[in-house]
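Please open the model in the viewer and follow the selections below in order.

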Amino acid sequence: VSEPLNDTDFQRVRTLLRAHAGIELGPSKYQLVFNRLAAPIRRINALSVKSYLDMLENNAELTQEFINALTTNVTAFFREPHHFITLIASASKPLSELRVWSAGCSTGQEPYSIAIALAQKAPELLRAERPACVLATDIDTNALSFAKEGKYREDQLKGLSKEQLLQFFDALPSGVFQVKKNIRRMVEFKALNLNAPTLRCPWHQVDAVFCRNVMIYFGQDTQRKIIASLLKALNPNGILFSGHSEMLLHSVQDLEALGQTAYVLRSKALTSLC
Ligand SMILES: C[S@@+](CC[C@H](N)C(=O)[O-])C[C@H]1O[C@@H](n2cnc3c(N)ncnc32)[C@H](O)[C@@H]1O
């Protein structure tokens, strides 16, 4: 497809992405959309953007590919490192009993950072018979496949100390580093759309939720609806971690600030009204 994206197609892309994923694409994102959809359009030999969009309307596989192409997956190991310190210091239970949800886990760096932080303080979690204690979900199935493999190039390992790299990664002959099996076993990956009509945590109740740098893509109403569902999944005294540009206190009264962009759920009474 060599024709540029016309306004009708662009608005249709925005509507589709909002309806499925809750993601609001800014009105100036023409070029980004065109660049990201070029490969899926080429793959099915669609003659125009319009015919591609017509084809995906009732096709779950093409719709998933469309969503995968348009999500932004930027992430890093131990991004906002203070959150991992807070998790360890303020957990409401012994670390070996903690269950943590990484909602919007992208390519795995966030849930593996949680697993590493927990394993460093509670090495018994590394034992093979222990069930997973980190649930990692994302809407992007390509990001999830990458995450499950847990293989990272050297430039993707910033944020990890030399000791962590030595202890928790295998250096493969290809030059990439793979998260060791005993850490991978601590994480269960699952596809989950946070914008689903009825959002439920696949593990029902958890003690901490990391939902960082995900909400920024959603509109206010979607954010409010999703936060209410995340809080329903949190045990009392559970902790919610959000991204650095996502302030939540104004919207939720039951949360008490716990340092920078970390909140503890003090009472469940009000959230049950959401
Ligand atoms: C910028 S990444 C953030 C990754 C990680 N939480 C971090 O802070 O480093 C945002 C992630 O949110 C995911 N996402 C976007 N919309 C979503 C939705 N409706 N449901 C679940 N995940 C979604 C994207 O696929 C992407 O992997």
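This is a predicted model. Begin by selecting the ligand together with the 23 residues around it; those that come nearest are Thr75, Arg79, Gly104, Asp138 and Asn213. Colouring this shell by residue class will show nine nonpolar, nine polar and five charged residues.

Next, display the pockets of the protein. The ligand takes up the space of the largest pocket.

Select alanine 21, where a polar backbone atom lies 2.8 Å from a ligand nitrogen. At asparagine 193, by contrast, the side chain supplies the N or O atom, 2.9 Å from a ligand nitrogen. How much of the ligand's exposed area does the protein bury? Taken alone, the ligand exposes 600 Å², and the protein buries 99% of that.

Finally, colour the chain by pLDDT. The average over the chain is 93, and 94% of the residues score at least 70. Select residues 270-274, where the pLDDT is below 50; in the model, this stretch has eight contacts beyond near neighbours in sequence.

Technical notes: Residues numbered from 1 in each chain as written. Predicted model: local features only at pLDDT ≥ 70, side-chain atom pairs only at ≥ 80, totals over all residues. Heavy atoms only, no water. Near = heavy atom within 4 Å. Polar contact = N/O pair within 3.5 Å; in protein donor to acceptor, adjacent residues only side chain to side chain. Areas by Shrake-Rupley, 256 points an atom, 1.4 Å probe, with all protein chains shown as cover. 1 Å grid on protein atoms, 1.4 Å probe; cavity = no way out; pocket = protein on both sides within 12 Å on 5 of 7 lines; lining within 4 Å. Sits in = over half its atoms within 2 Å of the grid points. Nonpolar A, V, L, I, M, F, W, Y, C, P; charged D, E, K, R; others polar. pLDDT = per-residue confidence, 0-100. Contact = heavy atoms within 4.5 Å.
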